[in-house]
Amino acid sequence: MDPSKVTVPALKDLTIDNITENVIAINSQNPDARFKYILERLVVHLHDFARETRLSTQEWMAGIQFLTSTGQICSDVRQEFILLSDILGLSLLVDSIDHPKPANSTEGTVLGPFHTHEAEHMSHGDLMSQDANGEPLLVLCTVKDVDGKPVSGVKVDIWETDSSGHYDVQHADRTGPDGRCVMKTDDEGIFWFKAIVPVPYPIPHDGPVGKLLIHLQRHPMRPAHMHFMFEKEGFDHLITALYLKNDPYESSDAVFGVKNSLIVELGKVDKATADKYGVKEGSALMTYDFVLVTEKNSFDLRSENSAKALEKLGRRVKIVNGLPVPELD
């Protein structure tokens with residue numbers, strides 16, 4: 001950038017007390033009101049954090065080294081920064097803010113670091129997992145709108161671990177995707193498939209995030225669950241998961257993903273269901289009725305929640321495209 005074409009405010013004699021207002025002033029030339037607002041609040045909270053904790057140079061360098069090592073371990077199949085966001089509760093917080101749900105709809109949860117875009121498209125009734133050691137599971141689900149009407153043609157992305165608690169991408173010798181698939185709901189909003197019963201597993205803890213968990217005296221375990229992601233034009237994007245009831249880690253999930261409405265109790269396949277779906281009588285059964293929200297309903301609710309939250313904090317803002325920006329006189 002040519003310095004001669006940039007006009008910035010003159011900096012004052014910088015001190016602990018005025019450094020924040022100087023940084024905000026020199027960053028204030030950006031015409032994007034939302035970006036400017038985000039950066040302003042980021043600087044304010046970072047500076048307040050440093051002042052409040054009386055952050056030492058040694059501590060800040062340790063933080064920089066931690067973030068550097070977090071980035072260095074990232075790869076095409078491992079996203080350590082998503083993992084860091086997850087274990088700090090930030091992933092769930094952002095999803096809850098950006099995708100608010102009315103009381104009669106399915107809640108969202110964390111995406112996790114192991115979703116891929118290579119899952120095979122399958123038909124209803126197909127076997128998603130090739131793990132012969134897993135306990136067979138029949139999954140029967142519906143997708144409806146908030147008025148109880150079936151939603152057809154919804155793209156459903158599904159993924160889970162194998163019986164050892166590993167996702168396919170964690171195996172160095174894998175030959176292709178497994179334990180994951182993509183399918184669409186039928187005219188009645190139904191989708192069903194065969195899988196294996198989910199098991200608890202540890203998040204990757206051989207890197208910087210794992211070392212942080214040890215330092216915090218926290219375990220790396222996630223309760224048994226299966227991931228689901230729903231997409232259809234006109235409906236708000238839903239990332240969620242179903243968690244097995246009474247899992248030992250149900251109330252201490254390392255990534256804060258569990259919500260009461262997403263906890264399910266597995267049933268057993270009766271004879272009629274076994275005959276209808278071609279599975280063994282007595283095998284495990286997972287059922288759930290997912291409820292999607294329209295994009296408009298989600299947008300309106302997000303705007304309403306944003307206005308209320310910022311008003312509660314005493315900040316004057318206006319809502320633009322569903323997101324708050326400063327209200328200027």
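Hi everyone, let's start with the sheet: six strands make up an open sheet, ordered β1-β4-β3-β8-β9-β10, with mixed pairing. At its edges sit β1 (120-121) and β10 (263-264), each of which pairs on one side only. Strands here are DSSP runs of E with at least two residues, helices are runs of H or I with at least four, and both are numbered from the N terminus; two strands pair if DSSP finds at least two bridges between them.

Before going on, please keep in mind that this is a predicted model: local features need pLDDT of at least 70 and side-chain atom pairs count only at pLDDT 80 or more, while totals for chains, interfaces and linings use all residues. Residues are numbered from 1 along each chain as its sequence is written, and side-chain values use heavy atoms, leaving out hydrogens and water.

Inside the sheet, β3 (residues 155-159) and β8 (residues 225-231) run antiparallel, joined by five bridges.

Now to the annotated part. An unreviewed UniProt entry gives "domain: Catechol dioxygenase N-terminal" for residues 32-105; positions follow the numbering used here, feature names are shortened, and annotations may be inferred rather than shown by experiment. That span is 73% helix and 0% strand, and its end C-alpha atoms are 34 Å apart.

How many cavities of 30 Å³ or more does a search of the whole structure find? The search finds one, where a cavity is a set of points on a 1 Å grid over the protein atoms alone where a 1.4 Å probe fits but cannot get out, and lining residues have an atom within 4 Å of a point. Of its 14 lining residues, G112, P113, F114, Y201 and R222 are the closest to the centre. Thanks, everyone!

Note on methods:
On a 1 Å grid over the protein atoms alone, a cavity is a set of points where a 1.4 Å probe fits but cannot get out, and a pocket is an open set with protein on both sides within 12 Å along at least five of seven lines; lining residues have an atom within 4 Å of a point. Grid points are joined across faces, edges and corners, and a volume is the space filled by probe spheres set on the points.
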